[in-house]
Amino acid sequence: MQKRKKIIARWAVALVLASAGSLLAHHSLAKYDTTKAVRVKGTIVQFHQMNPHSFIFLDQKGTDGQTQRWAVEGPSIRQLNRSGFAKDVLKPGDVVEVCGYAPKEPIVWQIARADSQISTSGRLINAEVLVMPDGKQQSWGDYGVHKCFAPGYSDQHSK
């Protein structure tokens with residue numbers, strides 16, 4: 001019986017360690033180029049609060065007149081609720097600016113969900129800062145890089 005308990009314990013530890021690796025990979029910026037911040041200003045097409053990450057879909061008008069669609073990855077519903085973020089504060093037609101990090105490798109993404117009206121494709125950005133329509137900055141994701149904030153910025157993680 002002792003031998004069986006040891007085997008089960010080893011499997012449990014292996015399972016936890018394997019899960020931890022995928023969780024850390026999911027909640028990191030390893031696939032993003034954090035050497036330079038990317039700023040995107042555009043018009044909100046859709047805003048979806050969902051888990052594990054909310055998304056803002058923006059259309060950015062280029063200097064050539066072409067429109068580029070961006071998917072802005074942000075916090076989970078729980079994180080938004082904790083920060084007091086109102087669900088109806090971002091509406092289609094609002095102009096916002098985001099600052100964050102683009103993937104190291106170009107990603108052409110498409111999101112289509114049966115339980116919502118999301119069906120779009122374009123470029124991806126993992127946002128750190130969201131500049132609201134009224135000009136106020138909102139922390140939009142925190143992985144500790146902080147290239148989007150003013151020099152000298154510190155948060156609860158760096159104290």
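Modeller: Start with S4, which is mostly covered: five of its seven residues are buried. Keep in mind throughout that this is a predicted model.

Biologist: What helices and strands does the protein chain have, and in what order do they run?

Modeller: The protein chain has two helices and seven strands. Read from the N terminus, the order is α-β-β-β-α-β-β-β-β. Of its 159 residues, 35% count as buried. Among contacts with a separation of 6 or more, 61% are between residues 24 or more positions apart.

Biologist: Which strands are joined to S1, and by how many bridges?

Modeller: Two pairings can be described here. Strand S1 (residues 38-48) is joined to S4 by six bridges, and the two run antiparallel. In this pairing Gly42 stands opposite Val96 of S4. Five bridges join S1 to S2, again antiparallel, and here Phe47 stands opposite Ile56 of S2. S1 and S2 form a hairpin, with six residues between them.

Biologist: How should I read side chains along a strand?

Modeller: In a regular strand the side chains alternate between the two faces of the sheet.

Biologist: How many disulfides does a search of the whole structure find?

Modeller: The general idea is that a disulfide is a covalent bond between the sulfur atoms of two cysteines. A search of this whole structure finds one. It joins Cys99 to Cys148, with an S to S distance of 2.1 Å. The pair links distant parts of the chain, 49 residues apart: Cys99 is in strand S4 (residues 95-101), and Cys148 is in the segment after strand S7 (137-139). The angle about the S-S bond is -80 degrees, and the link of Cys99 and Cys148 is left-handed.

Biologist: Is Cys99 buried or exposed, and is Cys148 buried or exposed?

Modeller: Cys99 counts as buried because its relative accessibility is 1%, which is under the 20% limit. Cys148 counts as buried too, at 4%.

Biologist: How many salt bridges are there?

Modeller: Side chains of opposite charge can pair when their charged atoms come close. The count here comes to four salt bridges. One of them is Arg39 with Glu97, where the closest N and O atoms are 3.5 Å apart. Arg39 lies in strand S1 and Glu97 in strand S4, so this pair ties together parts that are 58 residues apart in sequence. Arg39 is partly exposed, with a relative accessible area of 45%, and Glu97 is partly exposed at 22%.

Biologist: What does Asp59 form a salt bridge with?

Modeller: Its partner is Arg69, with the closest N and O atoms 2.5 Å apart. Since Asp59 lies in strand S2 and Arg69 in strand S3, the pair ties together parts that are ten residues apart in sequence. Asp59 counts as partly exposed at 23% relative accessibility, and Arg69 counts as partly exposed at 23%. Another salt bridge is formed by Lys36 and Asp33, with the closest N and O atoms 3.2 Å apart. Lys36 counts as exposed, at 51% relative accessibility.

Biologist: Where is Asp94, and is Asp94 buried or exposed?

Modeller: Asp94 sits in the loop between helix H2 (77-82) and S4. Its relative accessible area is 17%, so Asp94 is buried. A polar atom of its side chain lies 3.0 Å from the backbone nitrogen of Lys91. Leaving aside residues up to four places away in sequence, Asp94 touches Gly42, Thr43, Ile44, Val89 and Pro133.

Biologist: Which loop holds Gln66, and is Gln66 buried or exposed?

Modeller: Gln66 is in the loop between strand S2 (55-61) and strand S3 (67-73). With a relative accessible area of 54%, Gln66 is exposed. Not counting residues up to four places away in sequence, Gln66 touches Gln60 and Lys61.

Technical notes:
Residues numbered from 1 in each chain as written. Predicted model: local features only at pLDDT ≥ 70, side-chain atom pairs only at ≥ 80, totals over all residues. Heavy atoms only, no water. Helix = DSSP H or I, 4+ residues; strand = E, 2+ residues; numbered from the N terminus. Buried < 20%, exposed > 50% of the residue type's maximum accessible area, 1.4 Å probe, protein only. Contact = heavy atoms within 4.5 Å. Disulfide = S-S within 2.5 Å. Pairing = 2+ DSSP bridges. Polar contact = N/O pair within 3.5 Å; in protein donor to acceptor, adjacent residues only side chain to side chain. Salt bridge = Lys/Arg side-chain N within 4 Å of Asp/Glu carboxyl O.
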